[in-house]
Amino acid sequence: MQPEPTAEFRHRTVKAPAGRLHLVEQGTGPLVLLVHGFPESWYSWRRQLPALAAAGYRAVAIDVRGYGRSSKPEATGAYRMLDLVEDNVAVVRALGEESAVVVGHDWGSNIAAVSALLHPEIFCAVGLLSVPYAPPGGPRPSDVFGQIGGPEQEFYVAHFQEPGRAEAEIEPDVRGWLAGFYAALSADTMPAQGEPDPHFVARGSGRLRDRFPVGPLPAWLSEEDLDVYAGEFERTGLTGALNRYRNMDRDWEDLASHSGAPIKQPSLFVGGALDASTTWMSDAIDAYPTTLPGLSASHLLDGCGHWIQQERPDEVNRLLTDWLDTLQAGTRQSRRGGPRTGAVPNAAAAAPEL
């Protein structure tokens, strides 16, 4: 694998509902918007940006609001899904584009999915990494997450709900906490079967880091990479990032009118076979014929954990570029009046009927 040509990354900020959003771009061509998850930044796409650029795309990775060099609103409610979707819309418009393919990982997968659901006129296709699409609806999230774990342990999402609680654990040693969190969910360093699950904390005074593995960094994460991530969070703190978890009930209310709604645009899913996101949400993957009727392909990478585009950059890059090339080929053929081959010639043609 060749080193990333980071010198070719172009950094800029654009106006958005958040205030400003920092983004990094490389290449020219159709726009591909890349949205990271927790606890990451634009940097988690460092190996996709040059690959997509080389394949003829304008690849743009953002710092989601609350992260990195993007604005960090103070109010907890400023991190609801509807606001993050509008940030994505603002980025596309600020870049002078009318449409984009949106690709997300982890929380970014959810943000990308809802962006496509609410704005099919802008987001003409959606790629989801690690976290499957599950339509809005169902029980209130806080009720569900509060019951996971039983009387002796608490699920990490519930642990993150109280403002300041997780920050008190993380911020005294951001670098050490991040190293443990990344290792806990990486295929080559995650706890063995039968060891304490790092997605839970002991009720009461427990900490997530008490269950993190101790040892070398995952193979995908160099000391220099860890320095980049730690440096960003040491500067910004973790509250903005954690506030995403603290808006799940608000999202549930905001999106109630879209309960059960499918995403009809062309889509792609890539997950890690060892990632709890794919095993716990296997029912969501099984439902794709109904929830993602435009699905081009669903891939589970053997021996891969949660940080999929960093653990398996070459494989993910190949899957993404092959899918994008298929979309572009279909678009060109449609414009010539020929048969469509799984691509969407314009956003309106793929708009969900909600």
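Colleague: How are α2 and α3 oriented to each other?

Modeller: This is a predicted model, in which local features need pLDDT of at least 70 and side-chain atom pairs count only at pLDDT 80 or more, while totals for chains, interfaces and linings use all residues. Residues are numbered from 1 along each chain as its sequence is written, and side-chain values use heavy atoms, with hydrogens and water left out. Helix α2 (residues 81–94) packs on α3 at an angle of about 75°, with the axes 9 Å apart; axes are lines fitted to C-alpha atoms, for helices over the stretch in contact, and angles run from 0 to 180 degrees between N-to-C directions. Angles under 35 degrees count as roughly parallel, over 145 as roughly antiparallel, 65 to 115 as roughly perpendicular and the rest as oblique, and α2 and α3 are therefore roughly perpendicular.

Colleague: Which residues of α2 and α3 make the contact?

Modeller: Contact means heavy atoms within 4.5 Å, and helices are DSSP runs (H or I, at least four residues) numbered from the N terminus. By class, this contact has eight nonpolar, three polar and no charged residues; Ala, Val, Leu, Ile, Met, Phe, Trp, Tyr, Cys and Pro count as nonpolar, Asp, Glu, Lys and Arg as charged, and the others, Gly among them, as polar. The residues are M81, L82, L84, V85 and N88 of α2 and W107, N110, I111, V114, S115 and L118 of α3.

Colleague: What is the volume of the largest pocket, and which residues lie nearest its centre?

Modeller: On a 1 Å grid over the protein atoms alone, a cavity is a set of points where a 1.4 Å probe fits but cannot get out, and a pocket is an open set with protein on both sides within 12 Å along at least five of seven lines; lining residues have an atom within 4 Å of a point. Grid points are joined across faces, edges and corners, and a volume is the space filled by probe spheres set on the points. The lining of the largest pocket has 34 nonpolar, seven polar and four charged residues, and its largest share, five residues, comes from α3. The volume is about 1300 Å³, and the residues nearest the centre are N110, V131, F145, M248 and M281.

Colleague: Why is α7 described as largely enclosed, and what do its buried residues pack against?

Modeller: Buried means under 20% relative accessible area, exposed over 50%, and partly exposed in between (1.4 Å probe, protein chains only). Nine of the 11 residues of α7 are buried, so α7 is largely enclosed by the rest of the structure. The buried residues, W177 and F181 among them, pack against α6 (165–170) and α8 (223–236).

Colleague: Is T291 buried or exposed?

Modeller: T291 lies in helix α13 (residues 288–291). Leaving aside neighbours within four places in sequence, T291 is in contact with Y133, P135, P262, I263 and A284. Its relative accessible area is 9%, so T291 is buried.

Definitions and conventions. Helix = DSSP H or I, 4+ residues; strand = E, 2+ residues; numbered from the N terminus.
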